[in-house]
Amino acid sequence: MRTTITAKLINITAATLTGAALLFGANAAHAANKIVARVSLSQQVMEISVDGRPTFAWKVSTGDRAHVTPTGSFKPTRMHEMWYSKKYDNAPMPHSVFFSGGYAVHATYAIKRLGQPASHGCVRLHPDNAADFYQLVETFGAANTSIVIVK
């Protein structure tokens, strides 16, 4: 499975779906405009599906033994290109997509820890993947995005 994406590809996909809406009516684009980010805590992987099609799989770091990552199905609540944690000494959280209170999917600079629990509960991604995920959510919209976290 291909694990990288470009903003150009995302924009082409969005334009295609918008074109489908014009040709087939708004319901066709609405149905085809869904993103699901499934995070497996046991596998430490985020799998992205667009319109039900597996599209990307990225290593993540979720909560360590002392810090839980919430499970369930969530919608993005807010996004910040750059956020600094008020709780953890202004730690940088680039390309943050918040989904439950202070929990977010965001970039990490500790890329050697990806693939193993290491965070304070957030879902950490490689900076390139976090930027791509942020762009996907921005392009397709928070209402059309689901973040599903399973054990």
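**Close-up views of a predicted model**

**View 1. Phenylalanine 98 stands opposite alanine 104 in strand 7.** Strands here are DSSP runs of E with at least two residues, and helices are runs of H or I with at least four, both numbered from the N terminus. Residues are numbered from 1 along each chain as its sequence is written. The model is predicted: local features need pLDDT of at least 70, side-chain atom pairs count only at pLDDT 80 or more, and totals for chains, interfaces and linings use all residues, while side-chain values use heavy atoms, leaving out hydrogens and water.

**View 2. Strand 6 (residues 92-100) pairs with strand 7 (residues 103-107).** The sense is antiparallel, over three bridges; two strands count as paired if DSSP finds at least two bridges between them. Helix 3 (residues 127-140) packs on the sheet and touches strand 5, strand 6, strand 7 and strand 8 (contact means heavy atoms within 4.5 Å). The direction of helix 3 makes about 45 degrees with that of strand 6; axes are lines fitted to C-alpha atoms, for helices over the stretch in contact, and angles run from 0 to 180 degrees between N-to-C directions.

**View 3. An open sheet of four strands has the order 5-6-7-8, with mixed pairing.** Strand 5 (78-84) and strand 8 (123-125) are at the edges, each with a single partner strand, so one side of each lacks a neighbour in the sheet. From one strand to the next, the twist averages 25 degrees.

**View 4. Aspartate 51 and arginine 53 meet through their side chains in a salt bridge (3.5 Å, N to O).** The term requires a side-chain nitrogen of Lys or Arg within 4 Å of a carboxyl oxygen of Asp or Glu. One salt bridge is found in a search of the whole structure.
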